[in-house]
Amino acid sequence: MHDLIKIAKGIVQPGDLNPGGTLRPEASERLISLVFADDFLTRVTTRRMNKLSADVQVWGVETRKLVRVPEGQTPSAAQIVGGTQYGCTLTALPVQLFPTLSLSFLRDNANNPQLVSDVEASFATQFANEYLDLGFNGTADDNSAGWATLNKGWVQIASESAACPQVNIDPTAAGKNWRTEMKAMLDRLPERFRPQAAFIMNTGDADSYAFELAGFVTGVPLAGDSPLRRFMGIPIIPSPYMPAGKVLLTPPQNLVFGLSNEMVSTRRFNERARAIEWTFDTACDYEIAVKQACVYGY
């Protein structure tokens, strides 16, 4: 038993922790980097937050910010990139994760030399999945009704913002389909944002569009990513966490996810449960940097 506990303690090395349980910067950075390596999160703007509040400026989304300011004058707020018209502020809210490893798992993997790295990667995967799920399905930030109210996600922010163009879509209605509804959304996106834009859809909805599109093509094999994962040249990014029937059309980097650099990790052996229990405590937030560049279909 003692050897198994030593293995478990090796997953978060004693040198990784400051007094009080806060992960040292290099250990926290290692875990955050694993989280940010998620395929979807690599497409959005991720922000490591040293404080719980941070202003965000997203390069590559804002356009027509080139100005001419006469000598001797200072630029106005509207002339500054990320000034009054665009931009957002992240306000990270605390969240916790409580992973548990049973002693039977440790026994089965006692001779696995990759156990520490495998478990660390599994923690990061769990974090990434939780963050993505919340990013798409979070409805409030007051913790009034459990998990979905831990933080407002991108879909909720788009639905509430008057600056985000909104389109009522119904691909099952008579005379309509996914092509007509996606075209209606595209018509609402300002042209200057289209070159970087992508449709972010539920995986099942993206598959329905692909099946619909395949019905018009005969004699030519279609690959899963192209053209079935594109609409009029614009990429489609499917996610199982995106709510069905809802679509975001925006440059992916316009979606912002902030995660606090300070992460607290504690661990204890529960003798009665025969398990090693971890507690990870951190803070996160979501935002849409340029609301005008995000069309919400619902």
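I started with E287, which is buried at a relative accessible area of 16% (buried means under 20%, exposed over 50%, partly exposed in between, with a 1.4 Å probe and protein chains only). This is a predicted model, where local features need pLDDT of at least 70, side-chain atom pairs count only at pLDDT 80 or more, and totals for chains, interfaces and linings use all residues. Residues are numbered from 1 along each chain as its sequence is written, and side-chain values use heavy atoms, leaving out hydrogens and water.

I found E287 in strand 13, residues 275-288 (strands are DSSP E runs of at least two residues and helices H or I runs of at least four, numbered from the N terminus). Leaving aside residues up to four places away in sequence, I listed what E287 touches, including C88, W154 and N254 (contact means heavy atoms within 4.5 Å).

Next I turned to helix 7. I noted 12 residues and 16 Å from first C-alpha to last, close to the 16 Å expected at 1.5 Å a residue (the expected span is 1.5 Å times one less than the number of residues).

Which residues of helix 7 are buried? I wrote down D205, A206, Y209, A210, E212 and L213. Down the axis of helix 7 these fall within an arc of 160°, so they line one face of the helix (the arc is that of directions from the helix axis to the C-beta atoms). I see them packing against helix 6, strand 7 (198-202), strand 8 (230-231) and strand 9 (234-239).
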